[in-house]
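Here is a brief report on one protein model.

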Amino acid sequence: MAIASHMPPSLWADTAPVGSEYPMLQGAQRSDVVIIGGGFTGLSAALALAKRGISVTLLEAESVGWGASGRNGGQVIPGLKYDPDELITRYGEERGQRMIALSARNADVVFELIKQHNIDCDAQQRGWIQPAATHASLKAIESRARQWQSRGVDIVCLDQQQCAERLGTSEYLGGWVDPRAGGLNPLAYARGLAQAAHDSGATLHEHTRVTSMTRAEGRWRVMAEGGAEIQAERVLLCTNGYSDALQPKLASSLIAANSYQIATRPLTAEEGSHILPGGEVASDARKLLLYFRRDRAGRLLMGGRGSFNDPRKPSDFRHLENAIIKLYPQLKDVEIDFRWAGRIAITQDSLPHVHEPQQGLTVALGYNGRGVAMGTHLGKLIGEHLGEPTLKEVLPFPFTPIKPIPLHGLQRLYVETVVNYYRARDWLER
């Protein structure tokens, strides 16, 4: 039985092609691998496993792409939060180089999958601009650009005038352009990945909320609401910012922070001709960064961190409306057509985490705002690993124990305090 998808309101839900509907899990089933979570990581892993001819079943509590995978800014950015040289310093030459090499391909993997499976998601690989609003952040950006240039990436550095021409605003001191990046409709992409996985032989079930996982006699028994169950040799859990008590301590090992976004009505040629004319996506180098881009219809999208609480009224997005006016004063009276939010997973070390808390159970999450590219790539790699577990070297990150963040019960206060602190630092540095 299939249940109609009810996605939270957003620009993407309004504009994405209608996706296939997948039935609820019924009765008792068996599979080689069960994946819990229908976001980028789970869908990419399901596709990789199905391509290898392995029986894989994906269970999604809501609809495919319902979480942050269908509600993010649609920016496909390679790399990690740490620059290449810092990865070498932190993790040593061998591990650091592996993390650099694999994370450098994150965006390419996304666009390759889109091309290979003919996914209709308005994908455009036209680059990412990272501008700096302070001299300190400009210095950090220049170092970052040099590090990627030394590794063969065709980086373009921008002075203040060039940055203004590329962005359409004079609010930044300079920046750099990474040509590997781009943008897409993330919900359409998630639905396309789901269709590709299904067409390759994976079984998908929506509206199937898992209530328990138990292991006995070498197999996992995964129970869902309503009494349905499925048994499997291996389980992949990838619930990211929507993790709950299903796996002990997992939800307390990360901060589930809200990322708020707005989109204007389509801009006229006169209003938008100077705003990102090259079609790049952009996110700046503030502690509390702003990320912005245009969509196919010419809207301007603006995103950034918001309150820990889910937004309830238009005024909750006022800080983003003010950001548009600050960067583009000519748009001060332009109507906002869409307002939405989704939860990202922030880890204490700002890196994705891969866990194996029990035999046959793998957990992957924690993309710190870069989930489109990193979630897709890591899901693909984990799918390959689960298909042939001896190939652990394909994974860029070591298996680590699940470690709760100290005083995690105070995370709402913690997040609000950090947000206010970084907002103050950005203002003072400015």
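## Helix H2

The buried residues of H2 are Phe 40, Thr 41, Gly 42, Leu 43, Ser 44, Ala 45, Ala 46, Leu 47, Ala 48, Leu 49 and Ala 50. Buried means under 20% relative accessible area, exposed over 50%, and partly exposed in between (1.4 Å probe, protein chains only). Helices (H or I, at least four residues) and strands (E, at least two) are DSSP runs, numbered from the N terminus.

This is a predicted model: local features need pLDDT of at least 70, side-chain atom pairs count only at pLDDT 80 or more, and totals for chains, interfaces and linings use all residues. Residues are numbered from 1 along each chain as its sequence is written, and side-chain values use heavy atoms, with hydrogens and water left out.

H2 is mostly covered, with eleven of its twelve residues buried. From first C-alpha to last, H2 reaches 16 Å, close to the 16 Å expected at 1.5 Å a residue. That expected span is 1.5 Å times one less than the number of residues. Gly 53 follows H2 and has a positive phi, near 80 degrees.

## Helix H4 and the cores

Helix H4 covers residues 106-116. Its buried residues are Asn 106, Ala 107, Val 109, Val 110, Phe 111, Leu 113 and Ile 114. They pack against helices H2 (40-51), H3 (84-104), H7 (186-199) and H10 (371-387), and against strands E3 (75-76) and E7 (182-183). Contact here means heavy atoms within 4.5 Å. Just after H4, Asn 118 takes a positive phi of about 55 degrees.

In soluble globular proteins, nonpolar side chains tend to be buried together. A nonpolar core is a set of buried Ala, Val, Leu, Ile, Met, Phe, Trp, Tyr and Cys residues joined through side-chain atoms within 4.5 Å. The largest such core has 77 residues, and Ile 35, Tyr 189 and Leu 204 have the most contacts inside it. H7 gives the most to this core, with eight residues. Apart from this core lies another, of 27 residues, among them Ala 133, Leu 300, Leu 327 and Ile 336.

Which residues does Tyr 189 touch, not counting those up to four places away in sequence? They are Phe 40, Val 110, Leu 113, Ile 114, Ile 119, Cys 121, Leu 184, Val 372 and Thr 376. Of these, Phe 40 is a buried residue of H2. Val 110, Leu 113 and Ile 114 are buried residues of H4.

## Salt bridges

The whole structure holds 23 salt bridges. A salt bridge is a side-chain nitrogen of Lys or Arg within 4 Å of a carboxyl oxygen of Asp or Glu. Three pairs are tabulated.

| Pair | N to O distance |
|---|---|
| Arg 166 and Glu 280 | 3.0 Å |
| Asp 284 and Arg 286 | 2.6 Å |
| Lys 380 and Glu 384 | 2.7 Å |

Arg 166 and Glu 280 meet in a salt bridge. Arg 166 lies in helix H6 (residues 160-167) and Glu 280 in the loop between helix H8 (269-272) and strand E13 (281-283), so the pair ties together parts that are 114 residues apart in sequence. Arg 166 is partly exposed at 29% relative accessibility, whereas Glu 280 is buried at 5%.

Asp 284 is buried, at 2% relative accessible area.

Lys 380 and Glu 384 sit four residues apart in H10, so about one helical turn separates them. Lys 380 is partly exposed at 28%. Glu 384 is buried at 18%.

Elsewhere, Arg 219, Glu 233 and Arg 234 are linked in a network of salt bridges.

## His 353

His 353 lies in strand E17 (residues 353-358). Is His 353 buried or exposed? Its 14% relative accessibility makes it buried. The side chain of His 353 joins that of Asp 349 in a polar contact of 2.9 Å. A polar contact is a pair of N or O atoms within 3.5 Å; within protein, one must be able to donate a hydrogen and the other to accept it, and residues adjacent in sequence count only if both atoms are side-chain atoms. Not counting residues up to four places away in sequence, His 353 touches Thr 347, Val 363, Ala 364, Leu 365 and Gly 366.

## Cysteines

A disulfide is a pair of cysteine sulfur atoms within 2.5 Å. By this rule the count is zero. For Cys 157, the closest cysteine sulfur is that of Cys 163, 11 Å away, too far for a bond. Cys 157 is partly exposed, at 42% relative accessibility. Cys 238 is in no disulfide either: the nearest cysteine sulfur, in Cys 121, is 19 Å away. Cys 238 is buried, at 9% relative accessible area.
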